[in-house]
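Please look at the sequence and structure first.

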Amino acid sequence: MAWIDSASFREAMTERQDCAKTSPKGRHLAQRAKIRLLENQLKEATVGEFTILCDGAAARRGDDKAPSPLQYFVAAIGF
């Protein structure tokens, strides 16, 4: 099990707060994703340098080849 380095996390948060105080650019965060439908419910998303797949359950005409959108959402809450 990995442990969170509290000091490092705190330092990163302080840097973000300082940036937001000194520059309007630091207050805005824009994310973009390019989505492609591959087959049935299987989709590919490119976000920055990362490519992820998302699929639906067989009951929803998917093929269970990748996590569903709801599974990604639940994981994101933990991040």
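The questions below ask how each label was reached.

This is a predicted model, in which local features need pLDDT of at least 70 and side-chain atom pairs count only at pLDDT 80 or more, while totals for chains, interfaces and linings use all residues. Residues are numbered from 1 along each chain as its sequence is written, and side-chain values use heavy atoms, with hydrogens and water left out.

Q: Why is Ile77 called exposed?
A: Buried means under 20% relative accessible area, exposed over 50%, and partly exposed in between (1.4 Å probe, protein chains only). Ile77 has a relative accessible area of 63%, and therefore counts as exposed.

Q: Why does Arg32 count as exposed?
A: The relative accessibility of Arg32 is 68%, which is over 50%, so Arg32 is exposed.

Q: What makes Arg36 and Glu44 a salt bridge?
A: A salt bridge is a side-chain nitrogen of Lys or Arg within 4 Å of a carboxyl oxygen of Asp or Glu. The N to O distance between Arg36 and Glu44 is 3.0 Å, so the pair meets the definition.

Q: How do you know that Lys65 forms a salt bridge with Glu39?
A: The closest N and O atoms of Lys65 and Glu39 are 2.6 Å apart, which is within 4 Å, so this pair also qualifies. The two residues are 26 residues apart and link distant parts of the chain.

Q: Why is Glu39 called partly exposed?
A: Glu39 has 35% relative accessibility, which lies between 20% and 50%, so Glu39 is partly exposed.

Technical notes. Helices (H or I, at least four residues) and strands (E, at least two) are DSSP runs, numbered from the N terminus.
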